[in-house]
Amino acid sequence: MLPKYKRVLLKLSGESLMGDKSFGMDSDVIAQYARDVKSITELGVQVAIVIGGGNIYRGMNEAETGIERAHGDYMGMLATVINGMALQAGLEKVGVYTRLQSAIKMEQIAEPYIRRRAIRHVEKGRVVIFGAGTGNPYFTTDTAGSLRAIEINADVILKGTRVDGIYTADPEKDPTATKYGTITFQECLSKNLRVMDMTAFTLCMENNLPIIVFDMNKEGNLRRVVTGEKVGTLVS
C-alpha cells in the first residue's frame, strides 16, 4: 500500500490521551497511538507530532484560576512536554526512533527546536515530537502544529480527535448533525465551523496546507488516512 503523503504533521489533543479518565493519561491510549504511528512509518511516511496539554493543565481561564494568562500558558507548555515524553516512551517501546524537541530550553530531557535539525531527523525516518508549543504565550498548540507543519514542509496536517470529522453541528449534542467529506477553508469560515483556532486555521489557509480531521481513537484510522482512504474530513 503506497502512502498518499510523504511527510505529515500529526496534531493530537492532550485530552485524547486521557482515554476514559478525567485527568492525566491512559497507557492503553498511548500504546495504541504508538502502534498507529509505527504502522505509517513502516510505509515510509515521515512523521512529526504536536500534542496539547489539556489533560494536565489548561491555562486559558484567568478569572477561574487566578493565574495570569501568560504565566498559565507557560504552565500549559510544560504540560505538552510531559505528554511528549510519555508518547516518546510509548513509541520507543514499539521500536520507533524518536526525538523530542522543545521550544523552551530544557537540555536534560529534550533537544532545542532547530528547524533544520527537525527536518534532518524526519528525513532519517525518526519521529519528531514538538513540545512546548511555539514557546510563546497566547498561542495554542493548534497554532504550534500549523507553524511547525509549514516550517518542515509537511504535505498535510492530520488532526486526530475524538470525532470522526467535521459536522454541521456538534454530533455529541445534535443527533441530526451531518458530516462533511470535504470542505473548503472559505466554507469553514462562512459556516463558523471551529476546526482549529483562527490563528492556526489562517496559517494553513494562507499557506495552502490541507487539514484532515479524523478519529484517532479508532485503531488503524491513521494508516487509512495516509494511504488515501476516505476517512474523516478534508479541509483544503
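A residue counts as buried under 20% relative accessible area, as exposed over 50%, and as partly exposed in between. In this predicted model, N153 has a relative accessibility of 48%, so N153 counts as partly exposed. N153 lies in the loop between α5 and β6, the latter spanning 156-161. Its backbone stands out too: the phi of N153 is near 60°, a positive value in a residue other than glycine. Most residues other than glycine have a negative phi.

A132 is placed in the loop between β5 and α5, with α5 covering 141-151. Here the relative accessibility is 0%, so A132 counts as buried. The two residues thus fall on opposite sides of the 20% cut-off: A132 is buried, whereas N153 is partly exposed.

The aromatic side chains come next. The structure holds two aromatic pairs. In one of them, the ring centres of Y113 and F130 are 5.5 Å apart and the planes meet at 80°; because planes over 60 degrees apart count as edge-to-face, the pair is edge-to-face. Y113 sits in the loop between β4 (111-112) and α4 (115-123), while F130 belongs to strand β5 (residues 127-131), so that the pair links distant parts of the chain, 17 residues apart. Both Y113 and F130 are buried.

With a relative accessible area of 7%, F185 is buried. F201 is buried as well, its relative accessible area being 3%.

The remaining part concerns an annotated site. According to the unreviewed UniProt entry, the annotation "binding site" covers G53, D73, T134, G135, N136, P137, Y138, F139, T140 and T141. Of these residues, G53, D73, T134, G135, N136, F139, T140 and T141 are included in the lining of the largest pocket.

Two of the annotated residues can be followed further. D73 is placed in helix α3 (residues 69-93). The relative accessible area of D73 is 10%, so D73 is buried. T141 lies in helix α5, and at 18% relative accessibility T141 counts as buried, because the value is under the 20% cut-off.

What surrounds T141, leaving aside its neighbours within four places in sequence? The residues in contact with T141 are K11, V50, I51, G52, T80 and G133. With K11, one of these residues, there is also a polar contact: the side chains of T141 and K11 are joined at 3.5 Å. T141 therefore brings together several of the items above: a place in the "binding site" annotation, a place in the lining of the largest pocket, and a buried position.

How values were computed: Residues are numbered from 1 along each chain as its sequence is written. This is a predicted model: local features need pLDDT of at least 70, side-chain atom pairs count only at pLDDT 80 or more; totals for chains, interfaces and linings use all residues. Side-chain values use heavy atoms; hydrogens and water are left out. Rings of Phe, Tyr and Trp (its six-membered ring) pair if their centres lie within 6.5 Å; planes under 30 degrees apart count as stacked, over 60 as edge-to-face and the rest as tilted. Helices (H or I, at least four residues) and strands (E, at least two) are DSSP runs, numbered from the N terminus. Buried means under 20% relative accessible area, exposed over 50%, partly exposed in between (1.4 Å probe, protein chains only). UniProt positions are given in the numbering used here, feature names are shortened, and annotations may be inferred rather than shown by experiment. On a 1 Å grid over the protein atoms alone, a cavity is a set of points where a 1.4 Å probe fits but cannot get out, and a pocket is an open set with protein on both sides within 12 Å along at least five of seven lines; lining residues have an atom within 4 Å of a point. Contact means heavy atoms within 4.5 Å. A polar contact is a pair of N or O atoms within 3.5 Å; within protein, one must be able to donate a hydrogen and the other to accept it, and residues adjacent in sequence count only if both atoms are side-chain atoms.
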